[in-house]
Amino acid sequence: MNKENRLIFEKSPYLLQHAYNPVDWYPWGNEAFEKALQEDKPIFLSIGYSTCHWCHVMERESFEKEDAAEILNKHFVCIKVDREERPDVDSVYMTVCQAMTGRGGWPLTIFLTPDKKPFFAGTYFPKKSIQGRPGLMELVDRVAHLWKNEREDLLESAENLLGHLKKNIYEKDEVEISLGIESLDEAYDSLAQRFDKVWGGFGSAPKFPTPHYLTFLLRYHKRTGEEKALEMVEKTLENMSRGGIYDHLGYGFHRYSTNREWLLPHFEKMLYDQALLSMAYIEAYQVTGKEDYRDKVKEIMSYVLRDMVSAEGGFYSAEDADSEGEEGKFYVWETREMKEILEENQYNIAARVFNTRDEGNFRDEATGKRNGKNILFLKKSVEELARELKIDKALLKDEINNIKNKLFIKREKRIRPHLDDKILTDWNGLMIAAMARAGSALKEEKYIRAARKAADFVLTNLRTPQGRLLKSYREGPSNLPGHADDYAFLIWGLLELYEATFKGKYLENALRLNDILIHLFWDKEIGGLYFTAEDSEDLPLRPKEIYDGAIPSANSVTALNLIRLARLTGDTSLEKKSVQIGNAFAGEISQHPAASTQFLSAIDFTLGPAVEIVIVGEKQDPISREMLDRLYSSFVPNKVIIFKDIKNTEEEKLINELAPYTREQKSLEGKTTAYVCRNFSCLSPIHSPEQLFSQVQD
């Protein structure tokens, strides 16, 4: 084994994976930049994350090799960054890569000046040139030559690029654009045009889940009655849950599908996908009442609670695609193995259900050939299979569960993929939101308990004495400051948790964090949130994003958080901030509304109808419970709920402080009493769940 490099002192699993490379890696920091300045060398910056398949490939091909390390060490100062720990650094240089090349992804490869200015960007490079893709060895040799002989041209191109990007970020559009119902219509039309009518999802391969498309479409369906919007959601959710992108034995979704049929995934599992997809399935269940969607939520949650939660309650980040150096090895099956585990009749059923073949049921992405391996996936529902096999549906379902259990037990004895056990504040916020919403919508108290434990862990361990958030926790909290998405996503989680528990401390903490977010991240000239705080490290750019990618942007989530906080507390200044976010990005959103569908959910809330509900009574009173259960199980996305428990004076006092308008809202005639305000108009107090539901749904 090689001698360790400086990364051995880091906590990041990704950096530790590279700690024994012969490349003389530095973590991001002043030591590296000072060395580059003193030795007059450019910087080779490599950004990735611990469960990234192509990051592993590039490491095996190049960073572990002495000859590649020799040329890198000779001509460059080499820096390795975990994009999950330093999304600020990643965001800056990903923006650069997309501007230079028209695309991005990880591993991200950037060449910088010693003062952090980028002059060349790309993603994965093989060690040697192949099929038109330049090799790393040739590339670094060429860049070293240019640095020595044509440096002025490099520096000029870097300045020109940064000037262009800064103009896009920092300058306000000349024309005022308002966002409204037309933006929702345009986003719907765009998604409808890109919709895959055969397999669901949007666009062709590779195909990503993109849950915020689906939650937007559900809101659009509710607003307009457009059946096609709901059809797009259902076809996508159903085909994803049947495909190989879903783990049918251990549950949870893989990152994305390499083909349009959802069959062949990249096998890593990310916490944020589980959170956001859970919320899409919850809402689909609320809209349709279909048990398959409810069951999928329960399966995802069982996976997270089994494999992705620490003893302290925080949620881990991800599981790798690779085990034993091979992508997907943990998840795929040879028919020989299945026959050894299952009885003959069970194997025959399993082969029909999961579509396995002796020669394998998919073609290897690299070779295009079948390799005898099978990804378990479904083509048909249990109902269809029961009819074909002439077996009672309930009996077939039981037998499939027995088969899955046997295969799962055997699979657990394999060498597992690497677990990235960082606890990230932002992704925990998303999972807290999903767990809290699942717990209330599905009447599963264990999910709410898990959400509370995670929230309490983050609030206790990932805040400074001044109340600011830290980025991550692994073997103790990091000293990395939180970014806008840490605040936005955790506030989202706390709002969902408040409405699932009505513990005022979660609303109180959401408000405190929102104050810090606005103070540290708000663009005082144009509006909207920067990704980094005003006192953060000086980088070539200070990004400000509205684009909703794999994860929604902090601005999109905050726009909706602000509306909910405003309606919960009666503080209208918060809603004005939400409007200012829309104004700041109106030009960008109007050009491509479907690129900001999470933000459009905030627009949908603003346009209304929206309801504020205050229920006053005893928490355990059957009428109170029925009122809440009806609200939780129904799809009423544009609502906020406050519950004042008259038997808990401390909680009642706190809510009166946080939401002063509720002070005069009391239990009338000794009964549970609901107060509903709809579109800024308050209705008469009511006492029955039927009346409440009628007022909310009208």
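**Notes on the model**

1. A disulfide here is a pair of cysteine sulfur atoms within 2.5 Å. Cys 97 is also buried, at 0% relative accessible area; buried means under 20%, exposed over 50% and partly exposed in between, using a 1.4 Å probe and protein chains only. Cys 78 is buried at 0% relative accessibility.

2. A word on the basis of these notes. This is a predicted model, in which local features need pLDDT of at least 70 and side-chain atom pairs count only at pLDDT 80 or more, while totals for chains, interfaces and linings use all residues. Residues are numbered from 1 along each chain as its sequence is written, and side-chain values use heavy atoms, with hydrogens and water left out.

3. Which cysteines do pair up? The structure holds 2 disulfides, and in sequence order the bonded cysteines pair as 1-2, 3-4. Cys 52 is joined to Cys 55, with 2.5 Å between the sulfur atoms. Their link is right-handed, with 80° about the S-S bond. Cys 52 is buried at 3% relative accessibility, and Cys 55 is buried with 3% as well.

4. The other disulfide joins Cys 677 and Cys 682, whose sulfur atoms are 2.2 Å apart. The torsion about its S-S bond is about 90°, so this link is right-handed. Do look at the two ends: Cys 677 is buried, with a relative accessible area of 12%, whereas Cys 682 is exposed at 57%.

5. On to the aromatic rings. Rings of Phe, Tyr and Trp (its six-membered ring) pair if their centres lie within 6.5 Å; planes under 30 degrees apart are stacked, over 60 edge-to-face, and the rest tilted. The count by this rule is 29 aromatic pairs. In one of them, Trp 54 and Tyr 124 have ring centres 5.1 Å apart and planes at 50°, so the pair is tilted. This pair links distant parts of the chain, 70 residues apart: Trp 54 is in helix 3, and Tyr 124 is in the loop between strand 5 and helix 6. (Helices, H or I of at least four residues, and strands, E of at least two, are DSSP runs numbered from the N terminus.) Trp 54 is partly exposed at 35%, while Tyr 124 is buried at 13%.

6. Phe 76 and Phe 111 make another tilted pair, because their planes are at 55°, with centres 5.4 Å apart. Both Phe 76 and Phe 111 are buried. They also belong to one aromatic cluster, with Trp 25, Phe 44, Phe 63, Phe 119, Phe 120 and Trp 147.

7. What about charged side chains? A salt bridge is a side-chain nitrogen of Lys or Arg within 4 Å of a carboxyl oxygen of Asp or Glu, and the count by this rule is 60. Glu 234 and Lys 290 form one, with the closest N and O atoms 2.7 Å apart. Glu 234 is in helix 10 and Lys 290 in the loop between helix 11 and helix 12, so this bridge ties together parts 56 residues apart in sequence.

8. Asp 247 and Arg 411 form another salt bridge, at 2.9 Å from N to O. It ties together parts 164 residues apart in sequence, because Asp 247 lies in the loop between helix 10 and strand 6 and Arg 411 in helix 16. Both ends are enclosed: Asp 247 is buried at 3% relative accessibility, and Arg 411 is buried at 3% too.

9. Finally, helix 11 is worth a look. Of its 18 residues, 16 are buried, so this helix is largely enclosed by the rest of the structure. Gly 289 follows helix 11 and has a positive phi, near 75°.
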